Amino acid sequence: MTRRFDAIVIGAGQAGPSMAGRIAATGQKVALIERKLVGGTCVNSGCTPTKTLVASAYAAHLARRAGDFGVSAGPVGVDFAAVMARKDKIVGASRSNLEAWLKGLANSTLIEGQARFLSPTTVQAGDDVLEARRFFINVGCRAIAPDFPGRDQVRTLTSTRLLELDALPPRLVIVGGSYIGLEFAQIFRRFGCAVTVVEKMPRLISREDEGVSDAIREALEAEGIVIRCDAECISFAPRGAEIAVGVNCAAGEPEELGSHVLLAVGRRPNTDDLGLDAAGVKVDAHGYIQVDDGLRTSVPHIWALGDCNGRGAFTHTSYNDYEIAAANLLDGAHRSVSDRIPAYALYIDPPLGRVGLTEAEARAKGHVVRIGYRPMTRVARAIEKGETRGFIKVVVDRDTDAILGAAIFGVGGDEAIHGVIEAMAAGVTATAYTRAMAIHPTVSELVPTVFGDLSP
């Protein structure tokens with residue numbers, strides 16, 4: 001028997017539940033299909049668990065620095081089991097609250113199972129065949145494990161498996177010097193691990209301006225994290241109870257040893273088992289679902305939201321996909337994914353908040369730029385908190401005074417960047433930004449000052 005709905009949402013990540021709720025609120029009948037855990041990557045193996053661990057790692061780090069603030073403290077220890085139990089409790093509460101909301105949603109049915117398209121208008125989930133007028137795909141991505149030489153001879157971890165450990169690794173080698181890898185590097189170093197980061201490129205997080213990459217490397221090395229860039233010969237081999245990670249064929253120590261190895265080298269969309277061919281939905285060479293600026297696929301009644309469409313790789317971009325699709329479908333709006341301004345954060349300590357273009361990107365696009373820069377050593381709030389590493393940097397078009405981008409690497413950078421995000425969204429010029437009266441003492445109060453002190 002075929003069950004009929006007005007809309008079917010596949011995947012309960014960040015966009016799916018909100019879309020189901022919004023459509024159900026109009027009185028339409030909705031099915032939400034999830035094959036494993038509601039909440040998707042963010043709740044279960046991404047933002048929620050990792051930022052919980054970031055908080056525990058920061059507490060350990062601050063406790064070790066107690067003397068810097070005139071506070072007496074004894075030896076600092078990390079109870080890894082307690083840390084992980086706290087993480088599991090927070091994740092479990094977040095997931096169960098979302099599941100309870102979904103199950104209590106009027107006009108909506110939560111179905112557990114793997115969804116596969118049988119045709120452009122039907123999917124199968126378990127023994128059920130479901131039919132609908134509209135579909136919204138929100139299936140996310142998963143970590144990849146490239147076929148490095150020797151990888152089949154050793155046991156490596158993904159970011160998900162690392163979050164399931166019940167004992168602290170003595171020596172952790174992380175392959176991949178980008179956002180996920182660096183967050184885990186600092187977390188586990190602060191928990192007491194010896195940590196080495198192996199990166200193929202000449203510098204960490206190479207999409208950032210060189211000055212940002214260098215400052216982040218300096219911050220991590222100051223905490224005892226070993227950084228190996230230019231790793232052109234990545235390979236694996238067992239060495240007794242440890243794993244040897246080949247790093248470089250030409251210079252430096254040829255390998256690094258670790259008790260555990262994390263592969264943090266990219267992700268791929270969960271689209272290979274959805275039966276998209278049967279629906280006529282086109283994907284690119286990497287498996288990402290092709291969408292237009294309104295997030296419709298090659299089949300007009302099917303939308304793809306979140307990481308699986310290749311138009312963003314963050315929780316906030318996934319949720320914004322929902323907002324765009326819902327506004328266009330239900331509110332008669334004409335919103336476009338191309339209109340949004342890229343923004344994200346790196347949650348090491350201190351955090352990096354980023355929006356818009358880097359200086360290098362702006363110049364590559366033909367802008368003549370003015371740069372504003374202020375080190376955190378000249379930010380009163382950072383001095384008072386004893387956290388003066390980092391800087392504020394802004395990029396402005398010389399001819400139009402338009403704000404092109406900003407990076408705030410420093411205490412509160414992930415929060416302070418929002419003033420620039422909102423100004424750019426509203427079309428506020430750099431000159432207009434300088435006229436805002438900010439609250440003292442904060443990190444944010446120096447952002448208008450930086451815009452008022454641009455290079456010629």
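Contact means heavy atoms within 4.5 Å of each other. Helices (H or I, at least four residues) and strands (E, at least two) are DSSP runs, numbered from the N terminus. With those terms, the buried residues of α12 pack against β17 (343-346), β18 (352-356), β21 (403-409), α13 (430-434) and α14 (446-451). This is a predicted model: local features need pLDDT of at least 70, side-chain atom pairs count only at pLDDT 80 or more, and totals for chains, interfaces and linings use all residues. Residues are numbered from 1 along each chain as its sequence is written, and side-chain values use heavy atoms, with hydrogens and water left out.

**Helix α12**

- Helix α12 (residues 413-426) has 14 residues.
- From first C-alpha to last, α12 reaches 20 Å, close to the 20 Å expected at 1.5 Å a residue (1.5 Å times one less than the number of residues).
- Its buried residues are G413, D414, A416, I417, V420, I421, A423 and M424; buried means under 20% relative accessible area, exposed over 50%, partly exposed in between (1.4 Å probe, protein chains only).
- An α-helix has 3.6 residues a turn, so residues three or four places apart point the same way.
- Just after α12, G427 takes a positive phi of about 75°.

**Around α2 and α3**

- S45 sits in the loop between α2 (40-44) and α3 (47-64).
- S45 counts as buried because its relative accessibility is 18%.
- Setting aside neighbours within four places in sequence, S45 contacts G40, T160 and L163.
- The structure holds 0 disulfides; a disulfide is a pair of cysteine sulfur atoms within 2.5 Å.
- The sulfur of C42 is 3.3 Å from its closest cysteine sulfur, in C47, so the two are too far apart for a bond.
- C42 is buried, at 13% relative accessibility, whereas C47 is partly exposed, at 31%.

**Nonpolar cores**

- A nonpolar core is a set of buried Ala, Val, Leu, Ile, Met, Phe, Trp, Tyr and Cys residues joined through side-chain atoms within 4.5 Å.
- The largest has 48 residues, and I8, M19, F117 and I137 have the most contacts inside it.
- Apart from that core lies another, of 40 residues, among them M84, Y179, I187 and I225.

**Cavity**

- The structure holds 1 cavity of 30 Å³ or more; a cavity is a set of points on a 1 Å grid over the protein atoms alone where a 1.4 Å probe fits but cannot get out, and lining residues have an atom within 4 Å of a point.
- The lining of the largest cavity includes E208, R354, K393 and G405.
- The largest share of that lining, 3 residues, comes from β21.

Conventions
On a 1 Å grid over the protein atoms alone, a cavity is a set of points where a 1.4 Å probe fits but cannot get out, and a pocket is an open set with protein on both sides within 12 Å along at least five of seven lines; lining residues have an atom within 4 Å of a point. Grid points are joined across faces, edges and corners, and a volume is the space filled by probe spheres set on the points.
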